[in-house]
Amino acid sequence: MALFRVMVKRSAQVGGIRLEKGMSVDIPTTGYNPLSTNGGHDVIMAFMRIYGIDLKRAGACHLGYLDVVRIG
């Protein structure tokens, strides 16, 4: 199992939702990239749980807004 850190690249107002540079979540996954695994569901749920923001509704659950780094 791998551990990935998903972090917002830059501050932006997207779909009425404010994203701040540096917001991050850690995602354990058996896949290669949590954004491409299961449609990014784990990333979407983690941001919802920690920050209360819906990346899917904002249309920001992709590499244009997020950096993915393997940390473990």
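What follows is a chat about the terms used for this structure.

Modeller: Quick ground rules: this is a predicted model, where local features need pLDDT of at least 70, side-chain atom pairs count only at pLDDT 80 or more, and totals for chains, interfaces and linings use all residues. Residues are numbered from 1 along each chain as its sequence is written, and side-chain values use heavy atoms, with hydrogens and water left out.

Colleague: What is the average pLDDT of the protein chain?

Modeller: pLDDT is the predictor's confidence in each residue, from 0 to 100. The protein chain averages 92, and 100% of the residues score at least 70.

Colleague: Which order do the elements run in from the N terminus?

Modeller: They go β-β-β-β-α-α-β, with two helices and five strands in total. Those come from DSSP runs numbered from the N terminus: helices are H or I with at least four residues, strands are E with at least two.

Colleague: Why is the protein chain called as compact as a globular protein of that length?

Modeller: The radius of gyration is taken over C-alpha atoms, and the globule rule is 2.2 Å times the number of residues to the power 0.38. For 72 residues the rule gives 11 Å and the chain has 11 Å, so the chain is as compact as a globular protein of that length. Its C-alpha atoms fill a box of roughly 35 × 20 × 20 Å along the principal axes.

Colleague: What makes Asp26 and Arg5 a salt bridge?

Modeller: The rule asks for a side-chain nitrogen of Lys or Arg within 4 Å of a carboxyl oxygen of Asp or Glu. In this pair the closest N and O atoms are 2.8 Å apart, so the pair qualifies. It links distant parts of the chain, with Asp26 in strand β4 (residues 24–29) and Arg5 in strand β1 (residues 2–8), 21 residues apart.

Colleague: How many salt bridges are there by that rule?

Modeller: The count is three. Another is Asp67 with Lys9, at 3.9 Å from N to O. Asp67 sits in strand β5 (residues 66–70) and Lys9 in the loop between β1 and β2 (12–14), 58 residues apart. Then there's Glu20 with Arg18, at 2.9 Å.

Colleague: Why is Asp26 called partly exposed?

Modeller: Buried means under 20% relative accessible area, exposed means over 50%, and partly exposed is in between (1.4 Å probe, protein chains only). Asp26 has 37%, so Asp26 lands in between. Arg5 is partly exposed too, at 32%. The label also goes to Asp67 at 35% and Arg18 at 41%.

Colleague: And Asn33, buried or exposed?

Modeller: Buried: Asn33 has a relative accessible area of 15%, and that is under 20%. Asn33 is found in the loop between β4 and α1 (41–51). Across the protein chain, buried residues make up 38% of the 72 residues.

Colleague: Which residues does Asn33 touch?

Modeller: Contact means heavy atoms within 4.5 Å. Leaving aside residues up to four places away in sequence, Asn33 touches Phe4 and Val68. The Asn33 side chain also reaches the backbone nitrogen of Leu35 at 2.9 Å.

Colleague: What share of the contacts join residues at least 24 apart?

Modeller: Among contacts between residues at least 6 apart in sequence, 57% do.

Methods:
A polar contact is a pair of N or O atoms within 3.5 Å; within protein, one must be able to donate a hydrogen and the other to accept it, and residues adjacent in sequence count only if both atoms are side-chain atoms.
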